[in-house]
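Please read it alongside the sequence and the model shown here.

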Amino acid sequence: MSERGALRVRLDQLVREMAKFGVVGGLGLLVNMAVFNLVRHTTELPVVRASLLATVIAIAFNYVGFRYFTYRDRDKSGRTRELTLFLLFSLVGLVIENGVLYAATYGMGWDSPLQNNFFKFFGIGVATLFRFWSYRTWVFRTLPGPEAVTAAESFLEQRRHESERAGEPVAPR
């Protein structure tokens, strides 16, 4: 495959991944905003606490969507590692998202329902950029393609033959 063709394939894969991430993220956004407004209007919880609760529920929803829809083809061998990293990066996203809301509400005094929803939404947007990068880079890692496996096997076989010719001890296969 030409270099240009390979670039096109990678770009198509990235666009599909972003679309799937967007579907799950959009549904997670609806869950987050619905729970936030439901809790805010039916309980006496302060705004940021209602937002934290909504964010935690959305994080659980999103993990299921990302693992079984967006990144279902990714490495599944280290689920404990994956879940730990997902929760760690989600926690950072939670701080970003709710930090924006906290600063607007308590720092600027913008505390009307419309302002709360605007800054909650804005915080989600900023946190989403971080989450997309961190999830695809660290949590749901890509398995090596068949070309990479073939190249690695070929390299190892070549090294094995060089070692045999040089009279060096060779590890058993």
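## Terms and basis

Helices (H or I, at least four residues) and strands (E, at least two) are taken as DSSP runs and numbered from the N terminus. The model is a predicted one, in which local features need pLDDT of at least 70 and side-chain atom pairs count only at pLDDT 80 or more, while totals for chains, interfaces and linings use all residues. Residues are numbered from 1 along each chain as its sequence is written, and side-chain values use heavy atoms, with hydrogens and water left out.

## Annotated spans

The unreviewed UniProt entry carries the annotation "transmembrane region" for residues 21–39, 51–71, 83–105 and 117–134; such positions are given in the numbering used here, with feature names shortened, and annotations may be inferred rather than shown by experiment. In the model, residues 51–71 are 95% helix and 0% strand, with their end C-alpha atoms 27 Å apart. For residues 117–134 the corresponding values are 100% helix and 0% strand, with 25 Å between the end C-alpha atoms.

## Second largest pocket

Of its 19 lining residues, Gly-25, Asn-62, Ile-124, Thr-128 and Arg-131 are the closest to the centre. Two or more lining residues come from each of α1, α2 and α4 (113–139), and α1 gives the largest share, with 7 residues.

## Salt bridges between helices

The whole structure holds 8 salt bridges, each defined as a side-chain nitrogen of Lys or Arg within 4 Å of a carboxyl oxygen of Asp or Glu. One of them joins Arg-136 and Glu-17, with an N to O distance of 2.9 Å; because Arg-136 lies in helix α4 and Glu-17 in helix α1, this pair ties together parts that are 119 residues apart in sequence. Burial is classed by relative accessible area, with buried under 20%, exposed over 50% and partly exposed in between (1.4 Å probe, protein chains only). Arg-136 is partly exposed because its relative accessibility is 30%, whereas Glu-17, at 7%, is buried.

Glu-82 and Arg-67 form a salt bridge at 2.4 Å, N to O, linking helix α3 (residues 79–107) to helix α2 across 15 residues, and both of these residues are buried. Lys-120 and Glu-97 are likewise paired, their closest N and O atoms being 2.5 Å apart, with Lys-120 in helix α4 and Glu-97 in helix α3, 23 residues apart; Lys-120 and Glu-97 are also buried. Through shared partners, salt bridges join Glu-17, Arg-74 and Arg-136 into one network.

## Nonpolar surface patch

Val-23, Leu-27, Leu-30, Phe-61 and Phe-69 make a nonpolar surface patch of about 440 Å². Patch residues have over 30% relative accessible area and no salt bridge, with like charges joined within 9 Å and nonpolar side chains (Val, Leu, Ile, Met, Phe, Trp, Tyr) within 5 Å; areas come from the Shrake-Rupley method with a 1.4 Å probe, and for residues only the protein chains shown count as cover. Helices α1 (3–42) and α2 (47–70) each supply at least two residues of the patch, with α1 giving the most, 3 residues. Phe-69 lies in helix α2 and, at 31% relative accessibility, counts as partly exposed.

Methods: On a 1 Å grid over the protein atoms alone, a cavity is a set of points where a 1.4 Å probe fits but cannot get out, and a pocket is an open set with protein on both sides within 12 Å along at least five of seven lines; lining residues have an atom within 4 Å of a point.
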